[in-house]
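User: I would like to learn to read a model like this one, feature by feature. Please give me the general idea each time, then the case at hand.

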Amino acid sequence: MTTAHVSGIEPGASFRSRLALRATVTVTAGLSLLCVATGLALSAFLDREIDAAILSIAAIQAASLADGPSGEMHFHEWDLTPEEAVSVQDLVQYAQVWDETGTSLLRSQYMTSDLPVDPESLARASAGDLVWSRQEFGGARVRTLFYPLARLGAKHSTHVLQVAAPLTQRNAIVRSAVLFFCVLTVLLAVATYMGSWWLAGSAVRPIHAVIDQAEEIGARSLDRRIQAFADTREYRRLVQVLNTMLGRLQAGFDAQRRFTADASHELRSPLTAMRGEIEVALRRDREPEEYREVLNSTLEEVARLSRTSEELLTLARSDSQTLVPAPTEVDASDRVRRIAERLEGTADARGISLVVDAPAAMYVTIDPEMLDRITWNLVANALRHAASVVSIGISMEASDLVLVVRDDGPGLRGVDPESLFERFYRSDEARTPDGSIGGTGLGLSIVRALAESHGGSARGTTRAEGGAEFTVRLSQTLGAARRA
Ligand SMILES: Nc1ncnc2c1ncn2[C@@H]1O[C@H](COP(=O)(O)OP(=O)(O)OP(=O)(O)O)[C@@H](O)[C@H]1O
Ligand SMILES: [Mg+2]
């Protein structure tokens, strides 16, 4: 499996090792707790069992210590058969009777030396208390009980029976239980690490495949899609989201590429034409009239070029979100009427009447230059297509300024209205060789860019009674916000 190396990413622990480590730490901590708790519970249980056994042995021995007629004491170990003696040897091998001064009165036959006795415990026991303690005897730990013998009669009122049991076996049991749990913990920790390492590895395998494929997709291969094998819902969704994103990127790149190609073509053609004209004119000496003609035609081309470059700049600003309106309070009716007046000549030349339907005055806070350009583009388009009438209407809807330009031409001829707003879109007959009605195809995309910079919209339809209708909505809130 390859690991993606994207520059700028800091090296860090992999998801796999992190997950394996966390799972192992959790399991180890849990098992260690369980181990400690079990060890404590087991030793408490064994202590209770040993104490209960010592106490019952002490009680039985005490009860039968002095059953002879003389009141002399003896342990009952002599009465047991050898087999029975072996079975109780562990518990009765350490038994001894003391008087309150610490003088040994009786000792189990199994012992060759006295049990260790501490004066304080002996004193308390001879005063009538049951006293427990832990001691060292014959190189081993023993549990000891000092058992008062007062109930055997006045003769024994201060005598104490000491019974002890070795803790060797109990300690061995606890030690092996703890060892068993420790080994189990280590084994389970290793198993957990290996198991979660494997699990995490298989869980992130599709991610590596996605990363590898995504890395191979560059600006020139945006048409490729991620095909990674994603077998779970989450990964399928990731791949789907990435592919949708790639689709959008591809569409954006394609649009940008088309735009650049169209723009350079649009700028190159007039330059080539001008160059040709100038070269021909310079081939030989000419009359001043001929030079004037060439200069005039060149001037037209230059005007067209500067208009196109101006439009491209506007669209570039719109793309980079830097097309910002400069709103001021203006009379929209007045602005629209002025544009209509400037286009009156064109309308007359084509035999078209231009009607403005606007209130006497309508004050709005918008960018006046932008309103002028929008109106000009829409009316110029309408004049190209109208048969006899173009009407311009403005009104207010809520706080939006709504501009509607209608004509009685052929309408949109079944073309998707949205495609008209694409950059460099021109209908086929707009590309007529005589160029009489043709433009660059940027007019409507600029109208939309200007409207959107105002937080508004632009759309076009074919009217039921024929002819096209373009509606532009400009929001004033932007202006109000700026003034505030
Ligand atoms: N009023 C209209 N009636 C019918 N078709 C229209 C109308 N206005 C625009 N169109 C169609 O929309 C296309 C795009 O218009 P747009 O204004 O963007 O470009 P243009 O007018 O061809 O060029 P430019 O405005 O850049 O000089 C036009 O070529 C035309 O086919
Ligand atoms: Mg136009």
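**Reading the model**

User: Let me begin with a single side chain. Is Cys 182 buried, exposed or partly exposed?

Analyst: The scale is relative accessible area: buried is under 20%, exposed is over 50%, and partly exposed is in between (1.4 Å probe, protein chains only). Cys 182 has 38% relative accessibility and counts as partly exposed. Before we go on, know that this is a predicted model, where local features need pLDDT of at least 70, side-chain atom pairs count only at pLDDT 80 or more, and totals for chains, interfaces and linings use all residues, while side-chain values use heavy atoms, without hydrogens and water. Residues are numbered from 1 along each chain as its sequence is written, chains are lettered from A and ligands numbered from 1 in the order in which they are written.

User: How many disulfides does a search of the whole structure find?

Analyst: A disulfide here is a pair of cysteine sulfur atoms within 2.5 Å. The search of the whole structure finds zero. Cys 35 is in no disulfide, and its nearest cysteine sulfur, that of Cys 182, is 4.5 Å away. Cys 182 is likewise in no disulfide; its nearest cysteine sulfur is that of Cys 35, at 4.5 Å.

User: Is Cys 35 buried or exposed?

Analyst: Cys 35 has a relative accessible area of 10%, so it is buried.

User: Now the overall layout. Which domains does the chain have?

Analyst: The bounds come from an automatic or database domain assignment. That assignment gives domain 1 (30-175), domain 2 (233-317) and domain 3 (324-483). The C-alpha centres of domain 1 and domain 2 are 110 Å apart.

User: On to the ligand. Which residues come nearest to ligand 1?

Analyst: A residue is near a molecule if one of its heavy atoms lies within 4 Å of it. Ligand 1 has 20 residues around it, and Asn 381, Arg 384, Asp 407, Ser 427 and Thr 440 come nearest. The shell divides into eight nonpolar, eight polar and four charged residues. For those classes, Ala, Val, Leu, Ile, Met, Phe, Trp, Tyr, Cys and Pro are nonpolar, Asp, Glu, Lys and Arg are charged, and the others, Gly among them, are polar.

User: Which elements supply at least two residues of the shell around ligand 1?

Analyst: They are helix H8 (368-385), helix H10 (443-453) and strand S12 (468-475). H8 gives the largest share, four residues.

User: What lies 2.6 Å from an oxygen atom of ligand 1?

Analyst: A polar side-chain atom of Arg 384 does. Backbone atoms take part too. A backbone N or O atom of Gly 441 is 2.8 Å from a ligand 1 oxygen atom. A polar backbone atom of Leu 444 is also 2.8 Å from an oxygen atom of ligand 1. Taken alone, ligand 1 exposes 590 Å², and the protein buries 97% of that (Shrake-Rupley method, 1.4 Å probe).

User: How many residues of H10 are buried?

Analyst: Nine of its eleven, so H10 is mostly covered. Among the buried residues are Leu 444, Ile 446, Val 447 and Arg 448. Gly 455 follows H10 and has a positive phi, near 65°.

User: Which residue other than glycine has a positive phi near 55°?

Analyst: Ala 398. Look for it in the loop between strand S9 (389-397) and strand S10 (400-407). Ala 398 is exposed, at 81%. Arg 413 also has a positive phi, about 50°, although it is not a glycine. Arg 413 lies in the loop between S10 and helix H9 (417-420). At 44%, Arg 413 counts as partly exposed.

Definitions and conventions:
A polar contact is a pair of N or O atoms within 3.5 Å; within protein, one must be able to donate a hydrogen and the other to accept it, and residues adjacent in sequence count only if both atoms are side-chain atoms.
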